[in-house]
Amino acid sequence: MKKYALLLALALAAGFAQAQTNPQVGIYGKVREYQESYTLGNAGALSRLTNDSSRLGFKASAAVGSGITASAVIETGVALDAPSATVLGDRVSVFSLSNSLGSVGLGRDKHSVTRVLDNFDAMENAYGTHATTIHSAQGSRLQNAVFVSTATMAGFKGNYAMANSETAGVTNVQAAGIDYAAGPFAASLARYTDSANSSSTILGAKYAVEKTGTTVFGMYSDDTVAGVGTTGKSVGVRQAVNTQLAVLGSYGETNAGVTAKAVGVAYSMSKALTVHGRWSFTDAATDVTQYGVGVEYNF
């Protein structure tokens with residue numbers, strides 16, 4: 001993969017000085033909030049408004065010649081429930097060059113393990129999910145990083161990332177993955193390691209039955225966090241009732257005795273606006289119960 005990355009970078013650099021088109025600039029975002037009830041252990045239930053990964057992003061791209069496209073994305077989390085100071089680009093801050101072979105990016109973004117959790121969790125790794133309780137997200141993002149992705153070939157796509165530690169004596173974090181998609185089936189295998197005492201290997205898959213509107217999900221992971229190892233497995237289903245309404249359900253467990261379950265409904269009022277209702281329960285050393293009604297608006 002490292003040799004491929006070097007060849008791809010050289011190929012991109014070779015044509016970078018060619019004439020370029022005017023950049024295409026866009027703004028996008030997500031508003032997602034829940035009014036919820038949250039109970040931790042034996043404590044009383046809390047009623048609260050919860051922000052769920054609301055964000056604002058800016059993106060720009062331009063053809064720069066020789067089949068190369070330059071692009072940049074800056075995405076920032078926004079605490080809509082109780083606005084406070086934030087850092088521009090705390091979610092994503094990436095500059096990349098791409099061509100028909102793939103892409104090379106520099107900056108901060110999600111790594112391969114997190115993307116498996118996003119893509120193969122019936123609850124979409126969002127409010128009410130137990131994905132990061134059953135499986136380790138390993139921090140979700142890498143920064144000071146180089147990201148390399150291949151073009152899709154015969155349904156397969158590869159990706160690799162290395163985060164520079166920028167500290168003497170501290171090893172670089174690496175993550176890599178292979179994605180496959182063919183018709184109704186998709187799967188991903190990803191690996192994360194800090195070459196010290198934390199690592200994860202995760203496999204996710206899903207299958208969509210178009211005739212019934214059913215999609216089934218599954219994940220299995222082998223995780224080590226700060227030297228402590230666990231394995232986790234989870235399954236889920238999304239069932240479309242009609243073109244606007246869907247019901248969701250998931251269950252997960254670890255070899256350490258943690259179990260979790262969640263159910264939900266999603267009603268799409270338009271392509272941009274969805275109303276959610278979700279309930280989840282985690283049976284662990286300290287139980288967690290939460291349920292809420294929320295709104296999601298994408299623009």
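How do the residues of the lining of the largest cavity divide into nonpolar, polar and charged? A few notes follow, starting there.

1. The lining divides into six nonpolar, five polar and one charged. Here Ala, Val, Leu, Ile, Met, Phe, Trp, Tyr, Cys and Pro count as nonpolar, Asp, Glu, Lys and Arg as charged, and the others, Gly among them, as polar.

2. Please keep in mind that this is a predicted model, in which local features need pLDDT of at least 70 and side-chain atom pairs count only at pLDDT 80 or more, while totals for chains, interfaces and linings use all residues. Residues are numbered from 1 along each chain as its sequence is written, and side-chain values use heavy atoms, with hydrogens and water left out.

3. The structure holds one cavity of 30 Å³ or more, and its space comes to about 70 Å³. A cavity is a set of points, on a 1 Å grid over the protein atoms alone, where a 1.4 Å probe fits but cannot get out; lining residues have an atom within 4 Å of a point. The volume is the space filled by probe spheres set on the points, which are joined across faces, edges and corners. Among the lining residues are Phe 120, Asp 121, His 130, Phe 217, Met 219 and Ser 250. Two or more lining residues come from each of β12 (214-225) and β13 (228-240). Strands are DSSP runs (E, at least two residues) and helices are runs of H or I (at least four), numbered from the N terminus.

4. Met 219 turns up again in the largest nonpolar core, which has 18 residues; with Val 116, Leu 117, Leu 142, Tyr 192 and Ile 202, Met 219 touches the most other members. Such a core is a set of buried Ala, Val, Leu, Ile, Met, Phe, Trp, Tyr and Cys residues joined through side-chain atoms within 4.5 Å. Elements giving two or more residues include α2 (112-119) and β7 (141-150).

5. Ser 280 sits in strand β16 (residues 273-283). Why does Ser 280 count as buried? Because its relative accessibility is 6%, and buried means under 20% relative accessible area (1.4 Å probe, protein chains only). Beyond neighbours within four places in sequence, the contacts of Ser 280 include Gly 128, Lys 261 and Thr 289, a contact being heavy atoms within 4.5 Å.

6. Strand β3 (residues 55-65) runs antiparallel to β1 (residues 24-40), with seven bridges, and antiparallel to β4 (residues 68-77), with ten. Strands pair if DSSP finds at least two bridges between them. In the β3 and β4 hairpin, Ser 66 takes a positive phi near 55 degrees.

Note on methods: Buried means under 20% relative accessible area, exposed over 50%, partly exposed in between (1.4 Å probe, protein chains only). On a 1 Å grid over the protein atoms alone, a cavity is a set of points where a 1.4 Å probe fits but cannot get out, and a pocket is an open set with protein on both sides within 12 Å along at least five of seven lines; lining residues have an atom within 4 Å of a point.
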